[in-house]
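Please keep the sequence and the coordinates at hand while reading.

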Amino acid sequence: MIIEVKNLKKTYEGRVPTHALKNINFGIKKGEFVALMGRSGSGKSTLLHQLGLLDTPTSGEIIMNGNNLVLLDEKKKSEFRLKELGYVFQSYALLPELTALESVYLPLMLLGVTKKEYIKKASEMLDKVGLGDRLQHLPREMSGGEQQRVAIARALVNSPAILFADEPTANLDTESSEVILKLFKKLNKEIGQTIVMVTHEPDDKKYVDRVIWLKDGVIES
Ligand SMILES: Nc1ncnc2c1ncn2[C@@H]1O[C@H](COP(=O)(O)OP(=O)(O)OP(=O)(O)O)[C@@H](O)[C@H]1O
Ligand SMILES: [Mg+2]
């Protein structure tokens with residue numbers, strides 16, 4: 001198992017506490033492509049945020065390489081995120097003033113990789129997602145599908161152990177969505193990329209190895 005979740009709970013405090021995740025247990029194998037599905041409000045994004053160390057669960061364990069990641073302090077957590085995890089969101093979250101190439105090499109720059117090396121790696125990654133001829137384009141000069149592919153290249157340039165994606169095709173038309181899902185499938189097959197993807201789309205099931213169904217904060221199957 002690349003990641004194991006034990007008795008995970010998340011309650012959002014507030015005037016009325018919301019029990020978004022109630023005692024979640026499961027594991028994901030290295031190289032698996034998993035979809036998290038379930039109705040709106042079932043806890044999919046909440047679960048992805050806990051797994052991606054973007055939030056702190058109320059209780060429970062998230063185990064990777066024998067360590068309970070929940071116990072890391074904030075500094076260690078951000079280091080771990082930068083080195084080991086990649087994220088793709090529904091809103092591509094690209095900085096408007098950065099070219100595709102700059103967006104993709106930024107994480108490498110932050111890790112102290114040399115300029116020569118980060119330009120090479122970022123160009124190769126953009127080539128892999130089919131954007132070898134868009135290196136100097138700004139987000140506003142690209143289609144939604146192209147912007148999302150830049151976001152994917154950025155997420156993968158550090159060779160993360162796990163790629164997390166929250167409804168990565170929600171803002172795209174059918175054709176661009178298919179390009180993105182086929183790209184995920186290809187990355188999963190060719191480089192053995194482990195992927196955890198939240199999706200609403202029943203058709204996406206055909207691309208993944210396994211679906212984890214959530215219902216009211218519990219795993220249904
Ligand atoms: N910051 C928050 N504060 C309070 N409650 C929240 C918060 N974020 C989410 N919730 C609640 O937690 C539950 C799970 O939300 P979550 O966003 O994980 O659902 P989801 O399955 O991703 O839904 P969708 O398909 O609509 O994106 C929902 O009932 C939601 O109202
Ligand atoms: Mg959601």
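A residue is termed buried if 20 or more other C-beta atoms lie within 10 Å of its own, exposed if 12 or fewer do, and partly exposed in between, the C-beta atoms being placed from the backbone. Helices (H or I, at least four residues) and strands (E, at least two) are DSSP runs, numbered from the N terminus. The model is predicted: local features need pLDDT of at least 70, side-chain atom pairs count only at pLDDT 80 or more, and totals for chains, interfaces and linings use all residues. Residues are numbered from 1 along each chain as its sequence is written, while chains are lettered from A and ligands numbered from 1 in the order in which they are written.

Helix H1 covers residues 44-51, and because six of its eight residues are buried, H1 is largely enclosed by the rest of the structure. The buried positions are Lys44, Thr46, Leu47, Leu48, Gln50 and Leu51. Just after H1, Leu53 adopts a positive phi of about 55°.

The shell consists of Tyr12, Gly14, Thr18, Ala20, Gly38, Ser40, Gly41, Ser42, Gly43, Lys44, Ser45 and Thr46. Strand E2 (18-28) and H1 are the elements that give two or more residues to this shell, and H1 supplies the largest share, three residues. For classes, Ala, Val, Leu, Ile, Met, Phe, Trp, Tyr, Cys and Pro count as nonpolar, Asp, Glu, Lys and Arg as charged, and the others, Gly among them, as polar. On this basis the shell around ligand 1 holds two nonpolar, nine polar and one charged residues.

The loop between E2 and strand E3 (33-37) contains Glu32. Glu32 is buried, as 20 other C-beta atoms lie within 10 Å. Neighbours within four places in sequence aside, Glu32 is in contact with Thr194, Asp209 and Arg210.

The helix pairs come next. Axes are lines fitted to C-alpha atoms, for helices over the stretch in contact, and angles run from 0 to 180 degrees between N-to-C directions. Angles under 35 degrees count as roughly parallel, over 145 as roughly antiparallel, 65 to 115 as roughly perpendicular and the rest as oblique.

Helices H3 (residues 100-110) and H5 (residues 144-156) pack at about 25°, with axes 7 Å apart. H3 is therefore roughly parallel to H5. Ala100, Ser103, Val104 and Pro107 in H3 meet Val150, Ala153 and Arg154 in H5. By class, this contact of H3 with H5 has five nonpolar, one polar and one charged residues.

The contact of H5 with H6 comprises six nonpolar, four polar and one charged residues.

H3 and helix H4 (residues 115-128) pack at about 125°, their axes 9 Å apart. That angle makes H3 oblique to H4. The residues of the contact of H3 with H4 divide into 11 nonpolar, one polar and one charged.

How values were computed
Two residues are in contact if their C-beta atoms, placed from the backbone, lie within 7 Å. A residue is near a molecule or strand if its C-beta atom, placed from the backbone, lies within 6 Å of it.
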